[in-house]
Each structure stands twice: as structure tokens, then as C-alpha cells.
Amino acid sequence: MPLSTKAVNEWADGMAIKLVVPGADPVAARDPVERASAILEIDLAGIVANWRDLAAASTPATCAAVVKADGYGLGAAPIAAALAAAGCRRFFVATLDEGLALRRHLPVSIEIAVLNGPLPGSGDEFVDARLVPVLNDPEQIAEWRRVTAVRGPGPAIRHIDTGMARLGLTLREFERHADELRRDPRFRWRAIMSHLACADDPAHPLNREQRARFVDLRHKMPAVPASLAASSGIFLGPEYHFDLVRPGAALYGVNPRPGQPNPMRQIVRLKARILQVRDVDAGQTVGYGATHVMAAAGRLATVAVGYADGWLRSFGRRGGGSIGGVRVPLIGRVSMDLVVFDVSAVAPAAARPGGFVELLGDEYGVDAAAADAGTIGYEILTALGRRYHRTYRPATAATPSC
Ligand SMILES: *Cc1c(COP(=O)(O)O)cnc(C)c1O
């Protein structure tokens, strides 16, 4: 029988009375970690240590930090603040909005460059927030010329495409504009840059072709710092470093040399809460679509993470987690808010409601997870959801090194 309107109102009034307790916020009073369904721990000290290692591997080139996509999903503001405290002076984001947001956390003495460059009409906002546009095509050059004519000379980075056909002036456009731009005093060139398409595959012939084209270009703007390498490019060797390197993924623990031991630290730990544990018989099917059939009797744990948290649906084929160092396979399909693990191999006392399954950590890092999900570490990181309780392990006090 449906409830009457009166009954519903009485119920709602009762709830309102319970929620508005004078003098105490019953939600805020509790420890957020205690009630968290899943906890994402981000190790700022580890990110700083990764940056220092990359900077050391690239000396004498300057080492910037790429913090686009909100620091690869991990929080651009706390990451950039920690890196700036460690001596990093140049940052890259993708969009104007990301640049504006980051500028609130970094003094104007620290450079923030915007890889996607200015859309028509947005040049003034770059000047106001002291953002450095990357100029990728003749339209963006025209936009910066228009703005600097009014607002005075402004810093910019020129991006030339040497073989990726994504962003950047074509070689023909570069030739057409080279002399005129070199002479124009309104452009204060902070760098010329290009981007490698295949740096994660050292044997790929395109690496050397792109480098050769870049060396040619650089001779036409000899006084301007040159930048070619991102994370993987740093590991192609010193002849790829030029004056400025732009690592992103490697800062966050993604292996810049796929197929070889990972030189970077893992900086993400993710664990999700066990909600229920149940014993099942052989033949029991698990989850939507009944895609998994238990071959033998066993024990299952239902865990509070799902594709709404960026725990990708493709983990349904071969994902896993661990409890106290024991691997537990993910079985059945990933739901929006839930997944099921087969915890038969774990001592019953170790897999109880309220406990955790570790999803990402030192042993099973972003690249291992990516391999299981059929993607790359970059996507695992940038998909990490907004629902996790996030904690940041602080970077210790640091001395500038780059
Ligand atoms: C994303 C990006 C980077 C950083 O790349 P990683 O592989 O994450 O190190 C550097 N330069 C450009 C142009 C980019 O788009």
C-alpha cells in the first residue's frame, strides 16, 4: 500500500528534526576516513622524488612538469605546489581554464604554459592571468599578435609539428612565418617545441626523423630554448633533451619505458571497502548478465568501487585486487558502484565487511592495472573518480634543485 501524503510529510519532518541537531553537525563530527567507501592516497613526496630523478636524468636541460587534466586526475593544485616548493619553475596544462585554476595556487613568478593555446578572443585572459600560450597554428599566432599589440609584448611558446599531425604549425607554416616572427618584438619566445609520436618505442624510426626535423627548425631560431621530450623522450637519451623537458606521466608512476623495469616510484594507492562476504556453491552465477559461473564452492566479497569511480568495466575480463598481499580475482561484470572478488584464497578473518581490498599499490601499479583493463596507465589515472576519499601524503621540506 502506498504511503499517504500525510505519512510522507510526517516522515520528512522527522528526518529534518534528526538532521538539524543544534550545536553539532553529525556528519562532519565523524572521521571521514572511517566512513569512506574507497580511499585514494596520493604520495606528493613520491611525485617530488620522481621529478627530481627526471630532472637529474635530463641535466643540464630544465625539467618542467605537465599537470594537465588536473594533474593526470590526481590534483593539479597540491601537486604543482609541492613541485614548486621543490624548485620546479615551469608547468604545462592543456586548457585556459586549467591555467586559470592553477594560477590561483602559484605565484606569477612561476610559468604556466597552456598547451592547447588561445581560442579566438581569449588572448586577454592569458595576459590577465600571466599564462603563456602555446601557439599551434596561424590563427593562434594572429590572436597573440592582436593582443600583444594592445597589451604590450607577451611570452609565448611556438609549437611545430614534426610528424604527429595533431597540434602545431606545419613545417610549411613555420617557414612562412619564421622570419617575420623572429623580428616581431611583441613575441617573447619562451621556447620552441615539438612532440614525439613514438617515444615509448625507442626503435621506432619516427623518433630520429622527428628529431632531425626539430634540429633543422632550431637552427632557424637559435636563441630560443628548444623542447622536444616528454616522459618517454627523456629516456631516448641526451640528444633528445635539448633545453627543456616536459614529463607528465612518469611523475605519476607510469613506466616511461614500457617493457623494461619501471624506473619511477608508484605514487597512487587505492583501496575499497568490503561491504558483504558470502559463501556460494558451485554453479552460482555472479553479477549482471550471470557471466561468471563458480566452478567450485567458494567465498565472495562485494566491494564498494565501480565504473562510476573509473574502475573500468573492462576489468570485468581480468582485473584483480589484493588482501594482505594475496591476489584476489575480480569476477563477473563491474557494476556502477560495486564489484565482486573471489576471496576463497584468503583467510576468512582477513576478508570481512568493513575491511579493504587494495586495488592499486606498489605491487599492482597503474601499468599492471592498465594491462588488465586493456588500456594505458594514463587512462587509469585520469579516469580515477571524484567519489574517492582523497588523502595526500605531504612532500617533506625541500631545497630547489632544478
Ligand atoms: C601530455 C603532453 C606532455 C606530457 O606527456 P607525458 O607522456 O605524460 O610525459 C608533454 N608535451 C605535450 C605536448 C603533451 O601533450
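The model is predicted, so to speak of local features a pLDDT of at least 70 is needed, side-chain atom pairs count only at pLDDT 80 or more, and totals for chains, interfaces and linings use all residues. Residues are numbered from 1 along each chain as its sequence is written, and side-chain values use heavy atoms, with hydrogens and water left out.

**Around the ligand**

- The ligand is surrounded by 14 residues, and Lys68, Tyr72, Ser231, Gly248 and Tyr378 are the closest; a residue is near a molecule if one of its heavy atoms lies within 4 Å of it.
- By class, this shell has 8 nonpolar, 3 polar and 3 charged residues. Here Ala, Val, Leu, Ile, Met, Phe, Trp, Tyr, Cys and Pro count as nonpolar, Asp, Glu, Lys and Arg as charged, and the others, Gly among them, as polar.
- A polar side-chain atom of tyrosine 378 is 2.6 Å from a ligand oxygen.
- The backbone takes part too: a polar backbone atom of glycine 248 lies 2.8 Å from an oxygen atom of the ligand, and a backbone N or O atom of alanine 249 is 2.8 Å from a ligand oxygen.
- On its own the ligand has 390 Å² of accessible area, and the protein covers 90% of it; such areas come from the Shrake-Rupley method with a 1.4 Å probe.

**How the spaces are found**

- Rolling a probe the size of a water molecule over the atoms shows where empty space is left.
- On a 1 Å grid over the protein atoms alone, a cavity is a set of points where a 1.4 Å probe fits but cannot get out, while a pocket is an open set with protein on both sides within 12 Å along at least five of seven lines; lining residues have an atom within 4 Å of a point.
- Grid points are joined across faces, edges and corners, and a volume is the space filled by probe spheres set on the points.

**The largest pocket**

- The volume of the largest pocket is about 790 Å³.
- It is lined by 37 residues, of which Lys68, Tyr72, His195, Ala230 and Tyr378 are the closest to its centre.
- Helices H4 (68-72), H11 (231-234), H13 (366-373) and H14 (377-383) each give two or more residues to this lining; helices (H or I, at least four residues) and strands (E, at least two) are DSSP runs, numbered from the N terminus.
- The lining holds 22 nonpolar, 10 polar and 5 charged residues.

**The second largest pocket**

- This pocket has a volume of about 210 Å³.
- Its lining has 19 residues, with Val127, Arg130, Leu131, Gly154 and Pro155 nearest the centre.
- Helix H8 supplies the largest share of that lining, 4 residues.

**The cavity**

- There is 1 cavity of 30 Å³ or more, and the largest cavity has a volume of about 40 Å³.
- Residues lining the largest cavity include His159, Asp161, Arg166 and His195.

**Backbone details**

- Threonine 59 and proline 60 are joined by a cis peptide bond, with omega near 10°; proline 60 is in the loop between helix H3 (44-58) and strand S2 (62-63).
- Alanine 69, in helix H4, has a positive phi of about 50° although it is not a glycine.

Notes:
Polar contact = N/O pair within 3.5 Å; in protein donor to acceptor, adjacent residues only side chain to side chain.
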